[in-house]
Amino acid sequence: MTQSIAFIVPGRRESVLGDQYQRLGHSFEEIGIKPEYIQPNWKLTSVAALASDTSRQIQQIATQGKRVHGLGFSLGALSLLMASEHVRFETIILCSMSFFREDIPHMGSILRFFTRRILYRGTEPMEYPHTNQGKAFYLVYGERELSKIPPEVITLRERRFKGSQTVIAPNAGHSIAHKGYQATLRTLIRSIGQASQSSDHNLI
């Protein structure tokens, strides 16, 4: 029987030991998917180095024959997406994903400053991966953070990842720990489990 695993990658300066990520891991366990917690090396100073190191950790675990899912938050979502250049994902849940170079032209001055100077610390922003091996994408945002994200960026992502679904966590901001965000992800994870069981049944 093919083993199913789910990589969980936290946001900037957060730990996989946080309750918000452990609870999501339990949700995956409930549907028969083993959680694999990836702890980014926050001592790395550049986003490119961080994403590369995270991708390396994922590739070491995602050996051939495993059915792979992924969930990442903010900078963890960016790193997870970059790993999809090398790893085939059945499902990728990108929560409040950090910005890429292609997003910047659609931003106002304040968000552009934050992205270039705070997120990337003056280094060249990363581009979206040229190829990816994701089969299903879920783009999750907190309802209260939507006003800060240019609608052109949301549209750009929906077009880039064909067949993707945008999911809104009610009353949540940029916080995966928010109860509305957690409830939305639990529901989404359960739906993935139902789809996976249906797929397995069709193969019998």
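How many nonpolar, polar and charged residues does the lining of the largest cavity have, by class? I will come to that after a few ground rules.

This is a predicted model, in which local features need pLDDT of at least 70, side-chain atom pairs count only at pLDDT 80 or more, and totals for chains, interfaces and linings use all residues. Residues are numbered from 1 along each chain as its sequence is written, and side-chain values use heavy atoms, with hydrogens and water left out.

Now the empty space. A probe the size of a water molecule, rolled over the atoms, shows where such space is left. On a 1 Å grid over the protein atoms alone, a cavity is a set of points where a 1.4 Å probe fits but cannot get out; a pocket is an open set with protein on both sides within 12 Å along at least five of seven lines; lining residues have an atom within 4 Å of a point. Grid points are joined across faces, edges and corners, and a volume is the space filled by probe spheres set on the points.

There is 1 cavity of 30 Å³ or more. The largest cavity holds about 70 Å³, and its lining includes Arg-12, Trp-42, Leu-50 and Arg-121. That lining has 6 nonpolar, 2 polar and 3 charged residues. Here Ala, Val, Leu, Ile, Met, Phe, Trp, Tyr, Cys and Pro count as nonpolar, Asp, Glu, Lys and Arg as charged, and the others, Gly among them, as polar.

The largest pocket has about 440 Å³ of space. Of its 19 lining residues, Phe-99, Leu-111, Phe-114, Glu-145 and His-174 lie nearest the centre. By class, this lining divides into 9 nonpolar, 5 polar and 5 charged.

Next, the rings. Rings of Phe, Tyr and Trp (its six-membered ring) pair if their centres lie within 6.5 Å; planes under 30 degrees apart count as stacked, over 60 as edge-to-face and the rest as tilted. That gives 4 aromatic pairs. One of them, Phe-100 with Tyr-128, is stacked, at 4.2 Å centre to centre and 25° between the planes. Its two residues are 28 apart in the chain. Ring pairs also join Phe-100, Tyr-128, Phe-137 and Phe-161 into a cluster.

Last, Leu-78. Contact means heavy atoms within 4.5 Å. Leaving aside neighbours within four places in sequence, Leu-78 is in contact with residues including Val-47, Met-97, Phe-100 and Met-126.

Note on methods:
Helices (H or I, at least four residues) and strands (E, at least two) are DSSP runs, numbered from the N terminus.
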